[in-house]
Amino acid sequence: MRRKIVAGNWKMNKDMNGSVGLVQEILQSNKLFGCDVCIAPAFPFLSEISNICESTPIKVIAQNVSEKDEGAYTGEVSLDMLKSVGVDGVIIGHSERRKIYGENDEVLKMKLDNCLKNDVEVFFCIGETLDVREKGKQNEVIENQLSNTLFDLKDVKLDKLVIAYEPVWAIGTGKNASSEQVQEIHHHIRRLLNLRYGKLSESIPIVYGGSLKPNNSKDIFSCPDVDGGLVGGASLNSQAFLDIISSI
Ligand code: PGA
């Protein structure tokens, strides 16, 4: 059985009070989660939110991490720094990082290598643009995104790896991929993981992200190759996030 996961990516939203308030609302619901739950607040609040989440079922993850270990890299945050404030994992390769901040496969590969070696939860985001989808080339693009990064690494530990399929055209647009589209591409990703890692691949969760909302999550989560979700906008509202979690 693969584990199921729902993660909330708060992106550059909420200040200190807003972040603390949101996590407290989630915890106060006292719901027993039927899956792993992660939240990704902004960097300055990770320490405080990690303290609040200690001894709760919620894991705290970062939205990004440097590929460097330490040194003169102004504005960067290393994995050791994140671990020292209790962070359990990181999101790597979100399309906003790739597109707006120019993160390429070479950098993503270094980040993956570093994080997987260090035994932290890794949400590795892949997904095609609208242009690629319209040309019907999504399977090829997904394969390249994996081959140029993750699949090129040797001796990686896979037990903390989560693949997040996030079609760029569905992120923040209110237009989610249909459950048929999601199932088809998750199945493709599962096949690629199997070709690369064999039986070991069977435990790697593949989650979907892109305009997940309480009114579409149940349908998408019911696909056989979908193991959960990475939620952006809807994770900023505690009730919507809890509803998505309970629809798994
Ligand atoms: P969204 O974002 O749910 O707001 O579309 C998803 C994501 O970027 O991870």
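Okay, cysteine 115: in this predicted model, that residue is buried, with a relative accessible area of 1%. You'll find cysteine 115 in helix 5. So what does cysteine 115 touch, once we leave aside its neighbours within four places in sequence? The contacts are Val65, Leu79, Val90, Ile92, Val120 and Val122. Take valine 65 from that list. In sequence, cysteine 115 and valine 65 sit 50 residues apart, and from C-alpha to C-alpha the separation in space is 8.9 Å.

Let's stay around there and go to glutamate 103. This one is in the loop between helix 4 and helix 5 (105-117). Is glutamate 103 buried or exposed? At 11% relative accessibility, glutamate 103 counts as buried, because the cut-off for that is under 20%. Its contacts, again leaving aside neighbours within four places in sequence, are Asn64, Arg97, Arg98, Leu108 and Lys111.

How many does a search of the whole structure find? The search turns up 17. I'll walk you through a few.

Start with aspartate 227 and arginine 2, a salt bridge whose closest N and O atoms are 3.0 Å apart. These two come from distant parts of the chain, 225 residues apart: aspartate 227 is in the loop between helix 9 (217-221) and strand 8 (228-231), while arginine 2 is in the segment before strand 1 (5-9). Aspartate 227 is buried, at 2% relative accessible area.

Next, glutamate 121 with arginine 3. Here the salt bridge has its closest N and O atoms 2.5 Å apart. Again the pair links distant parts of the chain, 118 residues apart, with glutamate 121 in strand 5 (residues 121-126) and arginine 3 in the segment before strand 1. Now look at how the two partners are placed. Glutamate 121 is buried, with a relative accessible area of 2%, whereas arginine 3 counts as partly exposed at 24% relative accessibility.

Then there's glutamate 96 and lysine 11, another salt bridge, closest N and O atoms 2.9 Å apart. Glutamate 96 belongs to helix 4 (residues 95-100) and lysine 11 to the loop between strand 1 and helix 1, so to speak two distant parts of the chain, 85 residues apart. Glutamate 96 is partly exposed, at 29% relative accessibility.

Let me say a bit about arginine 190. Arginine 190 lies in helix 8 (residues 179-197), and at 12% relative accessibility it counts as buried. Not counting residues up to four places away in sequence, arginine 190 touches Arg2, Ser201, Glu202, Ile204, Pro205, Ile206, Asp225 and Asp227.

Last bit: helix packing. Two packed helices are described by the angle between their axes and the distance between the axes. For helix 1 (residues 16-28) and helix 10 (residues 238-246), the axes come within 9 Å and cross at roughly 45°. That angle makes helix 1 oblique to helix 10. The crossing of helix 1 and helix 10 is right-handed. Who makes the contact on each helix? On helix 1 the residues are Leu22, Glu25 and Ile26, and on helix 10 they are Ser238, Phe241 and Leu242. Sorted by class, this contact has four nonpolar residues, one polar and one charged.

Note on methods: Residues numbered from 1 in each chain as written. Predicted model: local features only at pLDDT ≥ 70, side-chain atom pairs only at ≥ 80, totals over all residues. Heavy atoms only, no water. Axes fitted to C-alpha atoms, helices over the stretch in contact; angles between N-to-C directions. Helix = DSSP H or I, 4+ residues; strand = E, 2+ residues; numbered from the N terminus. Parallel < 35°, antiparallel > 145°, perpendicular 65-115°, else oblique. Left-handed = near helix turned anticlockwise from the far one by under 90°. Contact = heavy atoms within 4.5 Å. Nonpolar A, V, L, I, M, F, W, Y, C, P; charged D, E, K, R; others polar. Salt bridge = Lys/Arg side-chain N within 4 Å of Asp/Glu carboxyl O. Buried < 20%, exposed > 50% of the residue type's maximum accessible area, 1.4 Å probe, protein only.
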